[in-house]
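Subject: Structure for you to look at

Hello,

Here is the structure I said I would pass on. Please open it next to this message and follow along.

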Amino acid sequence: MAFAHLHTVILNTVRQEESVAFWSAFLDVDVATDDPETRIVWLRPDTDGGVNIGFQLVDRPLDAHIETHLDLAVADLDEAQARVEALGGRVVAVNRLANGFEWRVMADTEHREFCLYAP
């Protein structure tokens, strides 16, 4: 067993319903639980042992921190970008290395950045 593994990602949000709708649609997963006590809505992991993603309702926007983001593997970058844009997200930057590896920095509906890449 690994020393540590990624288990949970918490995203703070002032527009919880909008964030949950965006990410559950993009990842094609269901809402697992809505916990009013902790003010967290959890998405169901897409695989057994998968990463848990929770959207914690906060009273005011927090400072943005680019150093924390999600990297998401996709089969087709153009298709994934189109889906993000259809859900209200946007492209922040397209990056390409000399060896041809490309990743796209995207933003969700609350401007949280994440990266898409095709392995």
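This is a predicted model: local features need pLDDT of at least 70, side-chain atom pairs count only at pLDDT 80 or more; totals for chains, interfaces and linings use all residues.

The protein has 119 residues, and 34% of them count as buried. Its accessible surface comes to about 7,800 Å², with 52% of that belonging to carbon and sulfur atoms. Two helices and eight strands are present, and along the sequence they follow the pattern β-α-β-β-β-β-α-β-β-β. Among contacts in the protein with a separation of 6 or more, 51% are between residues 24 or more positions apart.

Four of the strands form an open sheet with mixed pairing, in the order 1-4-3-2. Strand 1 (8–13) and strand 2 (31–35) stand at the edges and have a single partner strand each, so one side of each is left without a neighbour in the sheet. On average, neighbouring strands here are turned by 20° against each other, direction ignored.

Helix 1

What does helix 1 lie across? Helix 1 (residues 16–27) lies across strand 1, strand 2, strand 3 and strand 4 (52–57), and it runs at about 165° to strand 4. Helix 1 has twelve residues and spans 16 Å from its first C-alpha to its last, close to the 16 Å expected at 1.5 Å a residue. Its buried residues are Gln16, Ser19, Val20, Phe22, Trp23, Ser24 and Phe26. After helix 1 comes aspartate 28, which has a positive phi, near 55°.

Aromatic pairs

A pair of aromatic rings is described by the distance of the centres and the angle of the planes. The count for this protein is eight aromatic pairs. One of them joins phenylalanine 26 and phenylalanine 114, which are tilted, at 6.2 Å centre to centre and with 55° between the planes. This pair links distant parts of the chain: phenylalanine 26 is in helix 1 and phenylalanine 114 is in strand 8 (residues 113–117), 88 residues apart. Are these two residues buried or exposed? Both phenylalanine 26 and phenylalanine 114 are buried.

Another tilted pair is phenylalanine 101 with tyrosine 117, at 6.2 Å centre to centre and 50° between the planes. Phenylalanine 101 is in the loop between strand 6 (90–96) and strand 7 (102–107), while tyrosine 117 is in strand 8, 16 residues apart. Phenylalanine 101 has a relative accessible area of 34% and tyrosine 117 has 27%. Buried means under 20% and exposed over 50%, so phenylalanine 101 and tyrosine 117 both count as partly exposed.

Finally, Phe22, Trp23, Phe26 and Phe114 form one aromatic cluster.

Regards

Technical notes. Residues are numbered from 1 along each chain as its sequence is written. Side-chain values use heavy atoms; hydrogens and water are left out. Two strands pair if DSSP finds at least two bridges between them. Axes are lines fitted to C-alpha atoms, for helices over the stretch in contact, and angles run from 0 to 180 degrees between N-to-C directions. Contact means heavy atoms within 4.5 Å. Buried means under 20% relative accessible area, exposed over 50%, partly exposed in between (1.4 Å probe, protein chains only). Accessible areas come from the Shrake-Rupley method with a 1.4 Å probe; for residues, only the protein chains shown count as cover. The expected span of a helix is 1.5 Å times one less than its number of residues. Rings of Phe, Tyr and Trp (its six-membered ring) pair if their centres lie within 6.5 Å; planes under 30 degrees apart count as stacked, over 60 as edge-to-face and the rest as tilted.
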